[in-house]
Amino acid sequence: MTEDNSFMSGLPELAILRLLQDQEMYGYEIVQAIAARTGAALSPGEGVIYPLLHALEKSGALRSRRKTVAGRSRVYYTLTAKGARRLSALTSRWSDLNGAVQALMGGALAVR
Amino acid sequence: MPFDNLAETLLRGGIAPRHVRRYLAELSEHLDDLTEKQRAQGYEGKDAELRARALLGEDRELAAAMLEQKSLRSITARAPWALFGILPPFAATAAMLVPLGILVVIGKVLGFLEKGAARPHWFEQLGTATAACANLVFFPLASVLFVALVARHRLSLYWALVAVAIPLLLFLHSVAEFTIPGHPGIRIGVGMAPIFLPKGWKTAAADWPIVTAQYVLALLPLIWLARRRLAAR
């Protein structure tokens, strides 16, 4: 995956990697889980999550397998060791960014 | 089919067919899940289906998200010059060597290729047939393969023309000769004699019925694709 510097990019990737850290999931499950966990504040377009999943798999961050559960065949994704390292790097980057925004907002409040 | 237009857009955009296929399968499964959810929420029939389709996203958005991922582009789309400009003569040679290789193995095992060995008539006939098979079946098959790749990846017809024309211009031709005047032994192999050089013309003229058939058969897949593209316009 190429390093993307735009402000919000990397967030869907972070969310996907974080969710898959706990368990293997399929696309629909991932979209529903992101919406549920973020109170729908972060709800990616339902279908547009797959290209990101494919790209993450291609980069070695995820692994996929087709599995049939309750008569429905779906592609399930799991995190790889490379994906775990990527998650750790993204988490650190977003924590720094979060800290910076907090500091900025605190500063703004102090001025007021 | 619900995602036919999307598939065409992605293939024309250079996305690898295997990713397109999987994307469409996952979208179909996702759509089923969304429709089920809409029904559970009380929407019925067509209403549930339309709501689910809207939630999934418009074709334009779905295509843009995939086309944005450059890593999902096929090698064919990234370097068509390598695949269709460099590989064809090697692929055609390799394809033609397969039947000749089998012939050589048979000849070696049975001792027909030893110096001064007596060769039965059937082996010489088999050799002639094998060389003809390499020229008329395996050489055109290489052409079919490259034209199929162009069709599958929705590439320009020019790439198919390049892939077919190069081996034809280089004039790859199989030979299995068992009686060569003034020359001891036999000759089995794939020769290259560029058709634009005098040697190529002479070789082609000497075996013109097979050469003509070889050229026609190799060009047929290209003509088929051109007609298909014209019909689709």
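View 1. Helices here are DSSP runs of H or I with at least four residues, strands are runs of E with at least two, and both are numbered from the N terminus. H7(B) has a kink of about 35°, centred on Ala134(B); such a bend is the angle between axes fitted to the seven residues ending at a residue and the seven starting there. Just after H7(B), look for Arg154(B), with a positive phi of about 55°.

This is a predicted model, in which local features need pLDDT of at least 70 and side-chain atom pairs count only at pLDDT 80 or more, while totals for chains, interfaces and linings use all residues. Residues are numbered from 1 along each chain as its sequence is written, with chains lettered from A and ligands numbered from 1 in the order in which they are written.

**View 2. Helices H8 and H10 of chain B pack together.** H8(B) (residues 157-170) and H10(B) (residues 208-232) meet at an angle of about 175°, and their axes are 10 Å apart. Axes are lines fitted to C-alpha atoms, for helices over the stretch in contact, with angles from 0 to 180 degrees between N-to-C directions. The two helices are therefore roughly antiparallel (an angle over 145 degrees). Contact means C-beta atoms, placed from the backbone, within 7 Å. Among the residues making this contact are Leu161(B) and Val164(B) of H8(B), and Leu222(B) and Arg229(B) of H10(B). By class, the contact has 11 nonpolar residues, no polar ones and one charged. Nonpolar covers Ala, Val, Leu, Ile, Met, Phe, Trp, Tyr, Cys and Pro; charged covers Asp, Glu, Lys and Arg; the others, Gly among them, are polar.

**View 3. Chain A holds an open sheet of three strands.** The order is S1-S3-S2, with antiparallel pairing; strands pair if DSSP finds at least two bridges between them. S1(A) (25-26) and S2(A) (62-69) stand at the edges with a single partner strand each, so one side of each has no neighbour in the sheet. Two bridges join S1(A) to S3(A) (residues 72-79), and Met25(A) stands opposite Tyr77(A). Helix H1(A) (residues 11-22) lies across S1, S2 and S3 of chain A, at about 100° to S3(A).

Definitions and conventions: Two residues are in contact if their C-beta atoms, placed from the backbone, lie within 7 Å. Angles under 35 degrees count as roughly parallel, over 145 as roughly antiparallel, 65 to 115 as roughly perpendicular and the rest as oblique.
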